[in-house]
Amino acid sequence: MAKKEVKKIVLAYSGGLDTSIILKWLKNEYGCEVVTFSADLGQGDELEPVREKAFKTGADKVYIDDLREEFVRDFVFPMFRANAIYEGSYLLGTSIARPLIAKRQMEIAKIEGCDAVSHGATGKGNDQVRFELAYYHFNPAITVVAPWREWKLNSRQALINYAKRNDIPIPITKKRPWSSDRNLLHISFEGGILEDTWLEPPENMFVLTKAPEKAPNKPQYVEIEFEKGNAVAVDGVRMSPAELLAHLNTIGGEHGIGRVDLLENRSVGMKSRGVYETPGGTILREAHMAVEQITMDREVMHLRDSLIPRYAEMIYNGYWFSPEREMMQCLIDDSQKTVNGVARLKLYKGHVRTVGRKSESDSLFNLDFATFEKDQVYNQADAEGFIKLNSLRLRIRSLMQANKNK
């Protein structure tokens, strides 16, 4: 396929092996100006060398933007109001970061007068879809340069050889034979030795969590307060969204909470192994569900729960900015108006368990009705008619079958 003419491009740049090579490759192959954009989503010290490295590799201009509060407030929290989880295990840490990165990347493209955007996602992965669906949402006419779908560097070794020829530092070594992606919600690991699906991940791979067997022998209790489905305080201390999630990451990591080893179904059709650490998110989801248990109407909860798999698939497959996700978000957010209260959790050796929940304003738990002791408000004899009416179709079916067999 012939290369499109590009004058100026903004690259989603992490400073890792792939995007470092892409930066140089864009300069070599397209001969255009390249603006790099790195989003601070809570990677820690990973961003410190990015600016200098980008300029050394050929960037004409570098953006590094702190998006941590926006990430948690406008992307993570709406997703957690839905209790979203993909294939029963994955809390969508990478998936939910991509639409925000793409959003800011497109804003920079407009500011800088760029006629194209680029990313480091491979032609086999989910991220190419997530990035590009978002790009086209903001500008249907934007030119997208996806090097992995153009170049002939079709292996990790080919990338390393290209890096050596162009004097690009190589961040992957034999000591860390895998790739990773980190933000405030999680860190993911894939590739390298993890492609052996029978091999247990090595302990030295994990960054955010202690091994559960090495976690403290004494459990820790934590109380998380919610307002309209959003966590606002931990142990009585109010925090911003990003501060709260970071705090829960520290607590959860100490107790070895949030490790997942998943062989997931990618949107492009293949299976792929991902190993994840999501300590704060695992705690947050458990706490949110606990407060919902005491504040949410049964049928509202069941209806919302029936939408979780579809909602999670939308995020995983890159449809954050789709009208169907936005419509579903309105329904979910309406269900959260009464989700006000406090969850009490017990953290111990890789496990988080609800041990208490309360709501001063919206509790639907009424001891007068629920008690197993003597009460004055519930006539147990009424249950007989309820059961007979609900069993009517079953009784009719049995009678019809009996008559048929005569």
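**View 1. The start of helix α9.** A side-chain oxygen of Asp297 comes to within 3.0 Å of the backbone nitrogen of Glu299, at the start of α9. The model shown here is predicted. Helix α9 covers residues 298-316, 19 residues in total. From its first C-alpha to its last, α9 reaches 28 Å. That is close to the 27 Å expected at 1.5 Å a residue.

**View 2. The kink in α9.** The helix has a kink of about 40 degrees at Ile308.

View 3. An α-helix has 3.6 residues a turn, so residues three or four places apart point the same way.

**View 4. After the helix.** Gly318 follows α9. The phi of Gly318 is positive, near 95 degrees.

**View 5. His351 in strand β14.** Strand β14 spans residues 351-358 and includes His351. Is His351 buried or exposed? His351 is exposed, because its relative accessible area is 57%, and exposed means over 50%. Neighbours within four places in sequence aside, His351 is in contact with Ile257 and Lys346. Tyr63 lies 39 Å from His351, C-alpha to C-alpha. In sequence, His351 and Tyr63 are 288 residues apart.

How values were computed
Residues numbered from 1 in each chain as written. Predicted model: local features only at pLDDT ≥ 70, side-chain atom pairs only at ≥ 80, totals over all residues. Heavy atoms only, no water. Helix = DSSP H or I, 4+ residues; strand = E, 2+ residues; numbered from the N terminus. Buried < 20%, exposed > 50% of the residue type's maximum accessible area, 1.4 Å probe, protein only. Contact = heavy atoms within 4.5 Å. Expected span 1.5 Å × (residues − 1). Bend = angle between axes of the 7 residues up to and from the residue. Polar contact = N/O pair within 3.5 Å; in protein donor to acceptor, adjacent residues only side chain to side chain.
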